[in-house]
Amino acid sequence: MKYAEIIIEIKAREVDRVFYYIVPEGLEDKIRPGMRVTVPFGRSSRPTEGYVTALSDTAETSRPLKEITALKDNFAALTETGIRLAGWMREKYYCTLSDCLQCMLPKFVGSRVIKYVHRGKAFEKGKELPRKAEKQIQVIRLLTEKSPIRQDFLRNEYKISYNTLKSLEEKEIIEITEQEKSRDLYNTNLPQTGRPHTPTPEQRAAVDSIISDFDRKDKKPFLLKGVTGSGKTLVYTEVIAEALKRGKQAIVLVPEISLTPQTVQRFINRFGSLVTVTHSKMTDGERLDQWKKARNGRVSVMVGPRSAIFAPFDNIGVIIIDEEHEHTYKSENTPKYDAREIAVKLQEICGATVVLGSATPAIESYYKAEKGGYRLLELNNRINMRLPDIYAVDMRDEIALGNKSMFSIKLQKAIRETLEQKKQIILFLNRRGHSTFVSCRRCGYVMTCDSCSVSYTYHMKENRLVCHYCGRVKEIPEVCPSCGSGYIKYFGAGTEKITKEVNRLFPEARVLRMDADTTKSKDSHRQILNAFARGEADILVGTQMIAKGLDFPNVVLVGVVAADLSLNSSDYRSAENTFQLLSQVSGRAGRADSRGRVLIQTYMPENYCIEYAKKNDYISFYREEIEFREQMNYPPFSRICVVLFTGEDEKQVISSLHHFAAVLNFYGKGKDYTVIGPGAAMVSKIKDRFRHRIIIKGKDEERLKSYVFYCLDKFDKREDTKEITISVTINPTYIP
């Protein structure tokens, strides 16, 4: 008798273990690890989906066992690598195996099938039909001229009914077959656009170093530090070409969906139909189809944001993570994985080579490279040998001059000059909407979401208030809800407001806006970027989705409208985030023959991150920032763990968290851990659920994680936490 070890698709810790089931005789030759199955589960034997993780001849249980009911598919949905990875993720990110396995798989929706009508066995024999069977005779005549014919064509063009076709099929005059049609967003069957560019000596050295790692046993990730415009993508494509030549597969991660269209096109131009893509704006069916292509070996290069790291490849040769410093590689949902950590684990499991690329590497990454954890490669020269000229504009001087516009006199002049030159402009602000918040000028009351502890954002086009956390929409009151006065005013500025101001100052300019509001539809990212690339607009206004990775040769001016927005956040990474954003958006200017200009508007031009961004001096910024981190005992000199409790009853949330804090303090006495809190999260309520957290710092990540998980286990055994959701984040991108 054969047994299957199965993980049940239920996200609950009490069933987070392997269950044994008997493999029935009819399935013994078909079942394989990685397959989805239906099994009877629980006392009621309710049909439940599960995943086969292993097969064995013995079952390590004394309980009577049930049989597997059915296979969900005729193929293994999970690779052996995926099953091993899920086990590691469960321990790493404090979640269930079901959580991990489900994040690796697409939603299995119905396939898009096209039916074809062919000549059948009896077709050539001339079987005679009654004269009244006009439609059947018409089908035979059509098939005499051409076979096969699409069934929907016969039904739509000739009104051939289902019963007519069924009757002919029963007589074996015709045969009906089905063909699964793939739902694709990109035409990957285009001819490859000639030979790639010849790498520069600097690029060639980087490529050779990475390729030499393919056969090395003591693998370490590569950190490719290359200034903007230095040709990192060419390095990636050369490395991938070598991997494909060796029969291996490649994964390419990008931080933003907005980068996917341009990035995918570059890889399609080089590798044609071997490339596929996945991202969250695709439909479930589209994502499933691309997943199937990868699982069936029909493609060898998967491109996409964070979740593309779970591409179902059996033989991964190289993993590229572009703009590796970006916080979007860390998942906000359970399991709270970091795609960079997943990549390094895949390197260990299947021997893949990992390349982390950035013009402005994360502080922790560069520190790791200095200490020998990563192999450092550098591209220090732009392909056109010109970095843009970067200037900081002190907005305090603008106020002294009486300029109350959101655009400085220097930026206005630069925009006019650029428009006259028939060149293009990017205006960057890391905030969407029209205004930041709406408040009363008399009493100071701020319009705040009823379900979340955050202020509403005013959206001018719809003339309404929107909560960017839960999506709640509210009409604008005519009087202040607090004091009854009519002095309601919009404060701050967003991309919508900037666009309106651009239209006022430069009515002749054609303007496109790209932010979360204008990219809600499925293909909107590509449509906006393609329109700008074709020269259908002079100015592109946008948030951070236009700050990195995009390549528009005609852009010679970049304006950063408010550099201080990210600098004034409460995150210890605020200087790093600001430096990276400024460096990345500056890199969009002057990527072809014309010299680029960047104007950074700020009230803090003397801040070191802005000073170094002006000079494009990553190393000096790194030296100052790493010294600050060491003094304050921030990462990479410590590790941070955030435990977040959420629930609808705030008193219960607070009480439970204080009990957990007591457990932490009891087991952490005399040890090298620092417990901060408990306290309310930065956003203390979202969707009517209250949020409180506690922060734990320690020197060693594994010891810190073991300590926190041990305390959670002790706490869970003595406390009723059914109404509370507990999430754990190790080394968060920001403190919630």
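1. Let's start with the charged pairs: a search across the whole structure, which is a predicted model, turns up 42 salt bridges. As background, side chains of opposite charge can pair when their charged atoms come close. A few examples follow.

2. Look at Glu49 and Arg36, whose side chains meet in a salt bridge at 3.1 Å, N to O. This pair links distant parts of the chain, with Glu49 in strand β4 (residues 46-56) and Arg36 in strand β3 (residues 36-41), 13 residues apart. Glu49 has a relative accessible area of 17% and is buried; Arg36, at 7%, is buried too.

3. Next, find Glu238 and Arg204, which form a salt bridge at 3.7 Å, N to O. Because Glu238 belongs to helix α7 (residues 232-245) and Arg204 to helix α6 (residues 201-211), the pair ties together parts that are 34 residues apart in sequence.

4. Now try Asp213 and Lys219: their closest N and O atoms are 3.4 Å apart, in another salt bridge. Both residues are buried. Salt bridges with shared partners join Asp213, Arg216, Asp218, Lys219 and Arg375 into one network.

5. Finally, turn to strand β25 (residues 555-560). Six of its six residues are buried, so β25 is largely enclosed by the rest of the structure. Which strands pair with β25? Strand β17 (residues 424-428) runs parallel to β25, joined by five bridges, and Ile425 stands opposite Leu557 in β25. Strand β26 (residues 597-602) also runs parallel to β25, through four bridges; here Val560 stands opposite Ile600 in β26.

Methods: Residues are numbered from 1 along each chain as its sequence is written. This is a predicted model: local features need pLDDT of at least 70, side-chain atom pairs count only at pLDDT 80 or more; totals for chains, interfaces and linings use all residues. Side-chain values use heavy atoms; hydrogens and water are left out. Buried means under 20% relative accessible area, exposed over 50%, partly exposed in between (1.4 Å probe, protein chains only). Helices (H or I, at least four residues) and strands (E, at least two) are DSSP runs, numbered from the N terminus. Two strands pair if DSSP finds at least two bridges between them. A salt bridge is a side-chain nitrogen of Lys or Arg within 4 Å of a carboxyl oxygen of Asp or Glu.
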